[in-house]
Structure formats: C-alpha cells, structure tokens
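Good morning, and thank you for coming.

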Amino acid sequence: MKSALKNYKDIAHLVDARRLLAADAISKAGDWILYVAMSVLVFEAGGAGALSMFTALRVVVPFVLGPWAGRWGAALPPRTVMIIADAARAGLLLLAAAAAATHQSAWLLVGLVVGCASVSAFHAPAERRFQRDVIEPEQRASFNAVIGATGTTVIVVAPALGGLLTTTVGNVGALIVDAASFLVSLAFVAAVRAPSTTDAPDAAQPEPAAPASGISKGALATAVRSMKKDPAVMACVMTQAVACTVAGASLVLMPLLGERLQAGEGAIGWLTAAVGAGSVLGVLIGGGVAKQGRLLLCVTSVVSMGVILGLLGSSPNLLVALLCAALVGVAANIPEPMYWTSYADRVSESDSSSFYGLVESSITGGFALGGVILGAVVATMGTTNGTWVVGAVGSVLATAAFIPALRHHRVSSRTGSTSPVVNVAEHAS
C-alpha cells in the first residue's frame, strides 16, 4: 500500500498527468455508458439478432483495425488524433440519440456504434503515444500504475453509472450525457501542453505516415518486428494477451457461476465487483515493482491466474467464488504497469504507432476470444471441468510466452551483457 501511495504522490503534482488521467477515465466511462445504453436500445429496436451483431461488431472492429489505425494515425500528432476522435465520437453519439428518439432502424444504431468503435481504434494507440511523450521516463512506471488503477476502477463504476443514467434519464438521455463525456475528455486533452523534449514528436515534426500502397502489410509487419527485436517486449505482449483472454473468460463465467451456485440475480454484480476490486489492488501492487522490471513475476501472475480461474469455476459457495474472483483481478493486473512501462521504454519511436495498435487489438481480441472459448468449452464439458481446461491452457501459454525471453537472458548472461528480462524497465528507474 505504501508503494501505491508513493505512485500517486510521484505524479500528483504534475498538472498534465492529472489531465491525462482525467481524460482517460472519462473516455473509458463513456465507452461503458455507450455499451449499456446501446445494448438496451438495439435490443428493443431489433431483438436478439441485432443485439448479437452489435456485441460482436463492438469488439471485432477495433480488434481488426488496431495495428493499421495506429499506423494511419501517426500522420498526425497523437493529441490531434485524440481530439478528433473524441469530437467524432461525440457527434456519432448525438446522431445515435436522435435516431433512437425518432425510432429509426436498429441497423442504423448498429452502424453508428460501429462508427464509434472504428474511431476508438484510432484513439487508443494515439493515447498511449501521447502519454509516453508527455510523461518523463522516470515517472512512467508510477503513471502507468495510477492510470491502471483508475482504469480498472472505471470498469467497476461505469457500468453501474450507465444503468443509473438509463433508469433516471432514459437511454436517449444517457447517450446525450455520453456524448458530453467525450467532449469533456477532449477538453482535458486539449489542455495538456504539447511535448517539448527533443525526443518527442510535435505538430511540426509528426511521425512519418505509412505509404498508401501496402499500408496494411507494413503496419502489421512493423508491429511484429518491434516485438521480435526485444524478447522481453515479446514476452510482455504475449502474456498480456493471455491474461486478457483468461479475464474475458472469467467475465463470461459470472452468470454461469451465479446460476450454478443458485446465489440469485445479485451474484453477477457482486462477482463482477470483486474482479474489479481485485484489479485495482493488483495494479497498485504492480506499480511498486514496475520499475524493477520483474518479468518472471509478470508470467507467474498470469500462470496463477489460469489456476485461479479453475478454482473460481469449481467454487462450492458464493463466498469462495468472491474470493477467487478478486484473486483473478489481482493476478491479471499485477503485471499491467510493467507492460506499459516496458513498451514505452523499449519500443522505438518509429515503431510505436503500429505497435500500440497491435497491443490494443490483442487486448480487445483477447477479451472476446476468452468469452467465446469458455462458452464453447463449458457447453461441452460443464462449468467446473470447462474452466479448469481453459485455465490450464492459459497457464501453459503464459509459460510458453516466457521461454524466448528466458533464452535471451541466458545468452546475455554468458556474454556478460545486461538482460532485459531482469530489468525490463531499466530506463524508467
């Protein structure tokens, strides 16, 4: 807890850091409010089929666009991309509110949501680039710990806020409030001073845009190349993807577990809140070790996460399930600050746009894939056996992701060079 408080203290006096934190939290809350309000509207307008399409596209679009959106967005300074994205999302949401108020087709609502998801695919990698440029290297680990904690807190609070808004002001009113939230996020981003350091890009010298021909192939190849150059970065990306996949499986498990335990409708809310609370605690703990770059701790956390998922699926009662749910959140998020600190310090400026897009895609795709896999396995093997199988596979994959970095560490040790495995965040300390 002392390290968590120190992380907050390290950046609390930084005005731009506070603005970035506020913009990130408000933007993430807006995404969740959009999901809650639009789910109801799409279901009422088009039934279960339209709702399924809405849910799938909301995940698939940013997953597919991620690497290329990051590369295309590099033609402009990251702050400019974020401002344009927030303005575009606010405009699309106002159109969605108007369409819902006039009882337009459900497919028009789905189309507007796809538009928002497409814009978000540009916003996420630009946000990471901008944070890297604004926050000094020695403060990045603390900042990443704090922004991880606030982000996971939003995941707990925002869905409840979305439900409250839809109940009090209606779905259309919630969309209008959501549009306003993106404009507030825009205002915070616009208030952040442009980076003035020599190694940070500015409006006068934006990152070079990819050529129009072969841009898709180039973006993905650039992102993959940036991982291959550094085994520690490759291990972080792989374990982060595995962690998100297991986390996505745990969220889908909640309603199944609530039904199996016969704990009532409130069980889902309690279990989800437990995951969120554990996530906040995990990020706070991880912030204290991020500067030390303990990649082994990162992998160990994700490996244990797979085991805890199996324990969660076989919980004998709600109390044990709540404890396991909290532990899933802790294990998944202890490595989070180190992931982002490692990326900021080790991925080159020229590769960062495509790389961050790929990372965001792996996060989004991991959550979606985890839910799909768990649903299919549970349907075949039952809740208890299914969660143990998914958890065990996740643990094995996390261990496998560590092997390239371990080999590099051994080679570096024999040659007397510094190992990135031992000190992933050496530039942040």
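A crossing is called left-handed if the near helix is turned anticlockwise from the far one by less than a right angle, and right-handed if clockwise. In those terms, H3 passes H4 in a left-handed crossing. Helices here are DSSP runs (H or I, at least four residues), numbered from the N terminus. This is a predicted model, in which local features need pLDDT of at least 70, side-chain atom pairs count only at pLDDT 80 or more, and totals for chains, interfaces and linings use all residues. Residues are numbered from 1 along each chain as its sequence is written, and side-chain values use heavy atoms, without hydrogens and water.

The axes of H3 (residues 78–101) and H4 lie 8 Å apart, at an angle of about 160°; axes are lines fitted to C-alpha atoms over the stretch in contact, and angles run from 0 to 180 degrees between N-to-C directions. The two helices, H3 and H4, are therefore roughly antiparallel, a term for angles over 145 degrees.

I turn to the cavity. On a 1 Å grid over the protein atoms alone, a cavity is a set of points where a 1.4 Å probe fits but cannot get out, and lining residues have an atom within 4 Å of a point. One cavity of 30 Å³ or more is counted. The largest cavity has a volume of about 90 Å³, a volume being the space filled by probe spheres set on the points, which are joined across faces, edges and corners. Its lining includes Arg128, Phe143, Trp340 and Tyr356. H4 (106–134), H5 (140–168) and H12 (336–346) each supply at least two residues of this lining.

Note on methods:
1 Å grid on protein atoms, 1.4 Å probe; cavity = no way out; pocket = protein on both sides within 12 Å on 5 of 7 lines; lining within 4 Å. Parallel < 35°, antiparallel > 145°, perpendicular 65-115°, else oblique.
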